[in-house]
Amino acid sequence: MKNSIKAFALIALSAAVCAACSSVSKKSQEQGEENEQEAVVTPKVSVVAATMREVPQNGVYTSTVMPNAVNNIAPQSVNRIKSINVEIGDFVSAGQVVARMDVLNLDQAKLQMVNDSTELARIKSLYEVGGVSKSDLDAITLSYKVRKAAYENLLENTVLRSPISGVITARNYDKGDMFGMGQPIFTVQQITPVKLLVAISESEYTKVKKGQKVTLVVDALPGESFDGTISRLYPTMDAATHTFNVEVKVPNYNRRLRPGMYAKVTVNFGKNNSVIIPDKAVVRQQGAGDKFVYILNEDNTVTFKKISLGVRLGNEYEVLSGVQEGERVVTDGQLRIRDGVEVEVVE
């Protein structure tokens with residue numbers, strides 16, 4: 001009997017404890033919901049109105065400095081080099097003697113030419129008094145012309161001159177070597193002016209004109225810029241890259257630019273009236289590479305909108321599409337908002 005009373009008392013106590021716990025749990029849940037409702041606050045953001053401004057349309061392209069002309073200097077036949085007059089790095093003028101070959105063949109050709117010249121004068125005198133026929137005169141005249149042409153050709157290939165003004169960039173033989181028709185004796189490159197081949201995007205084809213001015217910088221000469229002119233437009237497009245080449249000439253009077261230098265060429269395509277927004281208003285979608293902005297509506301809600309950007313202007317961007325002049329874009333607080341939510345604008 002005593003055991004039954006104790007069991008009943010324990011059951012009653014357990015029921016009372018469970019009821020108390022349930023009451024406390026319900027009260028805690030209600031209190032949590034009240035706290036959650038109190039925690040929901042309107043996110044605060046900063047906004048800036050998009051403005052319209054003239055934006056220079058510059059294209060920046062990479063290229064390599066090239067000589068305006070390259071000439072390999074060598075005689076037409078095997079011969080021994082008698083003298084070398086210039087070295088690598090020397091600047092030469094057009095027509096300057098850079099080397100001389102052995103003159104034995106040249107002297108022989110000169111003697112033959114002089115002999116035919118003397119014979120031609122004698123035959124002319126006889127022809128004038130009727131001593132020889134017209135065919136005899138023609139024959140010696142032809143022989144003299146052949147001898148003279150051979151001498152002039154040998155002279156050109158014995159006394160070697162630079163065909164252009166430029167810098168000697170290669171010397172492959174020494175004095176006394178036998179020139180063997182392999183490599184040229186010298187290579188001379190014209191570097192006043194220099195030129196660059198620039199691959200322009202297909203979309204800019206109609207904007208590029210012959211005579212258009214460009215500027216360029218080279219990594220080897222930091223802090224310096226150079227002016228150039230588009231001298232030639234290539235007539236075909238590269239089907240793989242959708243680009244076409246233009247040739248840029250740079251005067252290079254001070255010879256600061258040298259062939260092989262890596263260059264960045266800026267081409268100005270004019271100006272556009274474009275919408276401008278701060279760069280911190282742009283939200284970038286990772287992976288896809290798309291750009292978005294939050295636009296503030298009249299009812300203080302925001303719209304998440306995809307945009308297309310143009311050129312960067314310091315800490316601003318040109319907007320090609322997606323934002324109109326005067327629309328207000330969110331510049332701070334983007335992480336606390338999403339499309340369609342109501343926001344509070346703060347200064």
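This is a predicted model: local features need pLDDT of at least 70, side-chain atom pairs count only at pLDDT 80 or more; totals for chains, interfaces and linings use all residues.
User: Is Asn-252 buried or exposed?

Analyst: The cut-off for buried is under 20% relative accessible area. Asn-252 has 4% relative accessibility, so the label for Asn-252 is buried.

User: What is the phi of Asn-252 near?

Analyst: Asn-252 is a residue other than glycine, and yet its phi is positive. The value is near 55°.

User: Which loop holds Arg-255, and how exposed is Arg-255?

Analyst: Arg-255 lies in the loop between strand 13 and strand 14. Arg-255 isn't a glycine either, but has a positive phi of about 60°.

User: How do the axes of helix 2 and helix 3 run relative to each other?

Analyst: Helix 2 covers residues 104–128 and helix 3 covers residues 134–158, and their axes cross at roughly 155°. Angles over 145 degrees count as roughly antiparallel. So helix 2 and helix 3 are roughly antiparallel to each other.

User: Within what distance do the axes of helix 2 and helix 3 come, and what is the handedness of the crossing?

Analyst: Two packed helices are described by the angle between their axes and the distance between the axes. Here the axes of helix 2 and helix 3 come within 8 Å. As for handedness, the crossing of helix 2 and helix 3 is left-handed.

User: Which residue 92 places away along the chain has its C-alpha 5.2 Å from that of Lys-175?

Analyst: Start with the loop between strand 8 (166–171) and strand 9 (178–179), where Lys-175 sits. Leaving out residues up to four places away in sequence, Lys-175 touches Ile-81, Lys-82, Ser-83 and Ile-84. The one whose C-alpha is 5.2 Å from that of Lys-175 is Ser-83.

User: Is Lys-175 buried or exposed?

Analyst: Exposed means over 50% relative accessible area. Lys-175 has a relative accessible area of 63%, so Lys-175 is exposed.

User: How far apart in space are the C-alpha atoms of Val-47 and Val-329?

Analyst: Val-47 lies in strand 1 (residues 44–49), and Val-329 is 282 residues away from Val-47 in sequence. Even so, Val-47 is in contact with several residues beyond its neighbours within four places, including Arg-328, Val-329 and Val-330. C-alpha to C-alpha, Val-47 and Val-329 are 5.3 Å apart.

User: Is Gln-334 buried or exposed?

Analyst: Gln-334 is in the loop between strand 19 (328–332) and strand 20 (344–345). Beyond neighbours within four places in sequence, Gln-334 is in contact with Lys-280, Ala-281, Val-283 and Tyr-294. At 15% relative accessibility, Gln-334 counts as buried.

User: Which two residues does a cis peptide bond join, with omega about 10°?

Analyst: Head to strand 10 (residues 186–201), where you'll find Pro-193. The cis peptide bond joins Thr-192 and Pro-193.

User: How many helices and strands does the chain have?

Analyst: Buried residues make up 33% of the 347 residues in the chain. The secondary structure comes to three helices and 20 strands.

How values were computed. Residues are numbered from 1 along each chain as its sequence is written. Side-chain values use heavy atoms; hydrogens and water are left out. Helices (H or I, at least four residues) and strands (E, at least two) are DSSP runs, numbered from the N terminus. Buried means under 20% relative accessible area, exposed over 50%, partly exposed in between (1.4 Å probe, protein chains only). Axes are lines fitted to C-alpha atoms, for helices over the stretch in contact, and angles run from 0 to 180 degrees between N-to-C directions. Angles under 35 degrees count as roughly parallel, over 145 as roughly antiparallel, 65 to 115 as roughly perpendicular and the rest as oblique. A crossing is left-handed if the near helix is turned anticlockwise from the far one by less than a right angle, and right-handed if clockwise. Contact means heavy atoms within 4.5 Å.
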